[in-house]
Amino acid sequence: MTIPPYDLVIIGSGAGGGTMARALADTGVKILVIERGDFVPQEDQNWDPDTVWRQLRYRATETWLDESGAAFRPYTHYCVGGNTKFWGSVMYRLRPEDFGALEHQDGVSPAWPIDYQTLAPYYDRAEAMYSVHGLAGSDPTEGPRGPYPRPPVPHAPVIERIVGQLSQQGLHPSPLPLGLQDGCVLCDTCNSFPCKIHAKSDAEVCGVRPAVARPNVDLWTNARARRLITDAAGKRVEAVEVERAGETVRVAAPLVIVSCGAVNSAALLLRSATDKHPDGLANSSGLVGRRYMAHLATMMQGFHPLRVNDTVFQKTVAINDFYLAGPGGRYPLGQIQSQGRTHGVMAQTVAPQIPLWAYAAWVARGVDWLAMTEDLPRPDNRVTVDASGQIRLHYQPNNLRAHAALVAEAKRMLRKLGFWMVMTHSHKSKNTTHQCGTLVFGTSPRESVLDTYCRTHDVDNLFVVDASFFPSSAAVNPGLTIVAQALRVADHIRTTALL
Ligand SMILES: Cc1cc2nc3c(=O)[nH]c(=O)nc-3n(C[C@H](O)[C@H](O)[C@H](O)COP(=O)(O)OP(=O)(O)OC[C@H]3O[C@@H](n4cnc5c(N)ncnc54)[C@H](O)[C@@H]3O)c2cc1C
């Protein structure tokens, strides 16, 4: 089958790809978005904890291997909008310090090749595009900024009370920045669930749908990019090989943007090895797939047997007091944020032997939190692919002492709030939800895969715009930074007349 050439092919439609599609749609050039998944149907199951957590209806079905060769089903989603369909929509800017080198207990978090001021105007635009609610000036660690486009989401009474108590502890709780659309009903099935009424700001709602409303933008769903085909010199991508409806087709375009997520983008480049690129496409640095990071994350629940928590939408507050240093210490610990309500089914997936009614009674008396610490980039934490194309994730978490200290601080904080008991559950090393860093950006082709506008140093017409470019993971949620950098890259592509 012959496919007419496009001006631009974007592979993947998540935070990076979906945003790129929208940001470049009004150029009028012919754009094709290739997405391996389908639209998530709007259906009652979207908000059903059993469907989402036990049946894993929307989760990717493929398996990856860990470093010991054991297969596991990654916590990732292949669909229009990518993982943003399931995110909590917590949309944070990195702190200005995150862009510089930061000394952690277990090593140095490296500097980014751009600073906060460079990304700040794109953070503004990203927040506007994704309708972010928040309160400027309330978070002691935030960088210089203007007001949020939307007001903060009000705290439920239980959380409001906790916020007052946290302030009395001398902490500085601040509203969690959240991307929500008009019509959001502030339900208890947001984080990890798709939004049945499309009121969560995700890359389908904010990126793909507005883009494909234009006649010059096409979307192929259930279409998986297998390989990038380069010219004889290995300097340009000539076509993308795509598996679609049982056929293998080639699409040609003068510009190709890979946005498959940090693991799959690295895997795609590794699978595209040629004589000119024997270790994988754009891999002269040897860094493709390396420096994989994911946050260290522990779910925490403050429990009191006599206090029923009637909060529906609980995810509205964050504590950043330990972000840059622990109390009396010199090393950064990370962030604590309130979480969506835990449902009995979710808790039961951890220990299935306990009956659901017991869990339901338990979680009704709990308030849920997340403690999150920066993961440092290690060359040996990496994505590889074997001869059959199978993904293998080699990963050992680090910065564990800082995370333990953060969890200890959070426990202390929750006990002071009068919780009887604090339960913890670690996301452990196979949690791929905040994957990043596998195709680092930088100024030196020897020390980075991408330049500062996310173009590969080695292949002229190839960009990678997703979580891959992060030189460090910081300790806030990655999504807004992916979106902001996508908008910056889109501006660069426009102004340098690449399209
Ligand atoms: C449950 C959950 C909660 C989260 N909560 C938050 C949060 O509150 N805030 C936050 O900032 N972040 C959150 N995240 C993380 C956030 O969703 C990701 O950081 C973000 O989506 C990554 O964007 P991306 O563009 O790198 O990849 P993705 O958004 O994952 O998009 C990649 C896309 O590429 C497609 N694709 C992959 N391979 C191919 C291929 N070969 N061919 C064609 N298409 C392909 C995938 O199907 C997918 O659509 C959460 C993630 C999860 C899973």
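Biologist: How many of the eight residues of strand β18 (residues 366-373) are buried?

Modeller: Eight of the eight, so β18 is largely enclosed by the rest of the structure. Buried means under 20% relative accessible area, with exposed over 50% and partly exposed in between (1.4 Å probe, protein chains only). Mind that this is a predicted model, where local features need pLDDT of at least 70, side-chain atom pairs count only at pLDDT 80 or more, and totals for chains, interfaces and linings use all residues. Residues are numbered from 1 along each chain as its sequence is written, and side-chain values use heavy atoms, with hydrogens and water left out.

Biologist: Which residues sit on each side of β18?

Modeller: G366, D368, L370 and M372 are on one side, and V367, W369, A371 and T373 are on the other. Both faces are covered. In a regular strand the side chains alternate between the two faces of the sheet.

Biologist: What does β15 do with β18, and over how many bridges?

Modeller: β15 (residues 296-303) pairs with β18 in the antiparallel sense over eight bridges. Pairing takes at least two DSSP bridges between the strands, and the elements themselves are DSSP runs numbered from the N terminus (helices H or I, at least four residues; strands E, at least two). W369 of β18 is the bridge partner of M300.

Biologist: And how many bridges join β17 to β18?

Modeller: Four, with β17 (residues 335-338) also running antiparallel to β18. There Q337 stands opposite L370.

Biologist: Switching topic. What do β11 and β12 form?

Modeller: A hairpin with six residues between the strands, and G234 in the turn has a positive phi of about 75°. β11 (residues 223-230) and β12 (residues 237-244) are antiparallel, joined by seven bridges.

Biologist: How many residues lie between β12 and β13?

Modeller: Two, in another hairpin, where A245 in the turn has a positive phi of about 50°. Six bridges hold β12 against β13 (residues 247-252), again antiparallel. A239 of β12 stands opposite I229 and has A252 of β13 as bridge partner.

Biologist: Now helices. At what angle do α1 and α10 pack?

Modeller: About 40°, with the axes of α1 (residues 15-25) and α10 (residues 479-495) 9 Å apart. Axes are lines fitted to C-alpha atoms, for helices over the stretch in contact, and angles run from 0 to 180 degrees between N-to-C directions. The two are therefore oblique to each other; under 35 degrees would be roughly parallel, over 145 roughly antiparallel, 65 to 115 roughly perpendicular, and the rest is oblique.

Biologist: Which residues of α1 meet α10?

Modeller: A15, G16, T19, M20, A23 and L24, and their partners in α10 include I482, A486 and R494. Contact means heavy atoms within 4.5 Å. The contact residues divide into 11 nonpolar, two polar and one charged. Here Ala, Val, Leu, Ile, Met, Phe, Trp, Tyr, Cys and Pro count as nonpolar, Asp, Glu, Lys and Arg as charged, and the others, Gly among them, as polar.

Biologist: Where do α1 and α5 stand, roughly parallel or oblique?

Modeller: Oblique to each other: the axes of α1 and α5 (residues 203-212) come within 8 Å and cross at roughly 40°. Residues in this contact include G18, A21 and R22 of α1 and C206, G207 and V208 of α5.

Biologist: Last one: how many residues of α6 are buried?

Modeller: Nine of the 10 in α6 (residues 262-271), so to speak a mostly covered helix. Among them are V263, N264, S265 and L268.
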